[in-house]
Amino acid sequence: MKLTLHVNGRPHELDLDARTTLLDCLRETLGLAGAKKGCDHGQCGACTVHLDGRRVNACLILAATLDGRQVTTVEGLAESGTLHAVQAAFLEHDAYQCGYCTPGQVMSAAALLNEPCGMSDAEVKECMSGNLCRCGAYQNILAAVQQVRRAAS
């Protein structure tokens, strides 16, 4: 299928098999390896990207359904060489261990800034519950997310 996919602000004219997931398109066709293939069933959040500004699991979406849509990956989150506030907070709070889930966690946290979510830790944990960290860096992830959310409010 022929389609145009706008990724990180750039249009890409693609000719893909109709069964290609957005995740495989990003990783294998466009060479953007930030979104990770974790469970490949939408249960871990390692593949989280933004689709038209909303967070989605890229492993669950067929790329062929996205003609003309806007996709942002972790590679496109920073602007003009300056880290996004969430990326900087993750570094500051050491909110990663192995780093495998980090791109998905960062993308989910960045989207959370524009979603209705209460300010309590419990509410943030619930809103981030679709992103798993096998290393257990949750306290540091929560600290990073809350720092950015408090600064934005």
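User: In what order do the strands of the sheet come?
Analyst: The order is E2-E1-E5-E3-E4, five strands in an open sheet with mixed pairing. Helices (H or I, at least four residues) and strands (E, at least two) are DSSP runs, numbered from the N terminus. Two strands pair if DSSP finds at least two bridges between them.

User: Which strands stand at the edges?
Analyst: Strand E2 (10-15) and strand E4 (54-57) do; each has a single partner strand, so one side of each has no neighbour in the sheet. On average, neighbouring strands of this sheet are turned by 40° against each other, direction ignored.

User: Is this an experimental structure or a predicted one?
Analyst: This is a predicted model, where local features need pLDDT of at least 70 and side-chain atom pairs count only at pLDDT 80 or more, while totals for chains, interfaces and linings use all residues. Residues are numbered from 1 along each chain as its sequence is written, and side-chain values use heavy atoms, with hydrogens and water left out.

User: Ok, back to the sheet. How do E1 and E5 pair?
Analyst: Strand E1 (residues 2-7) and strand E5 (residues 70-72) pair in the parallel sense, over two bridges. His6 stands opposite Gln70 in E5.

User: Which helices pack on the sheet?
Analyst: Helix H1 (residues 22-29) packs there, touching E1, E2, strand E3 (48-51) and E5, and its direction makes about 80° with that of E1. Helix H3 (residues 102-112) also packs on the sheet, touching E3, E4 and E5, at about 40° to the direction of E3. Touching, or contact, means heavy atoms within 4.5 Å. Axes are lines fitted to C-alpha atoms, for helices over the stretch in contact, and angles run from 0 to 180 degrees between N-to-C directions.

User: New topic: which residues have the most contacts inside the largest nonpolar core?
Analyst: Val86, Phe90, Val124, Met128, Ile141 and Val145, in a core of 22 residues. Helix H2 (85-92), H3 and helix H5 (138-152) each supply at least two of its residues. A nonpolar core is a set of buried Ala, Val, Leu, Ile, Met, Phe, Trp, Tyr and Cys residues joined through side-chain atoms within 4.5 Å. Buried means under 20% relative accessible area, exposed over 50%, partly exposed in between (1.4 Å probe, protein chains only).

User: What does Phe90 touch?
Analyst: Leaving out residues up to four places away in sequence, its contacts include Tyr96, Val106, Ile141 and Val145. Apart from that core lies another one, of 21 residues, among them Leu22, Ala35, Cys47 and Val56.

User: Where does Ala35 lie, and is it buried or exposed?
Analyst: Ala35 lies in the loop between H1 and E3, and at 5% relative accessibility it counts as buried. Among the residues Ala35 touches are Leu23, Arg27 and Val49.

User: How far apart are Ala35 and Phe90?
Analyst: They are 55 residues apart in sequence and 16 Å apart in space, C-alpha to C-alpha.

User: And H5, what do its buried residues pack against?
Analyst: They pack against H2, H3 and helix H4 (121-127). The buried residues of H5 include Ile141, Leu142, Gln146 and Arg149.

User: Last one: how many helices and strands does the protein have?
Analyst: Five helices and five strands. Along the sequence, the pattern reads β-β-α-β-β-β-α-α-α-α. Of the 153 residues, 45% count as buried.
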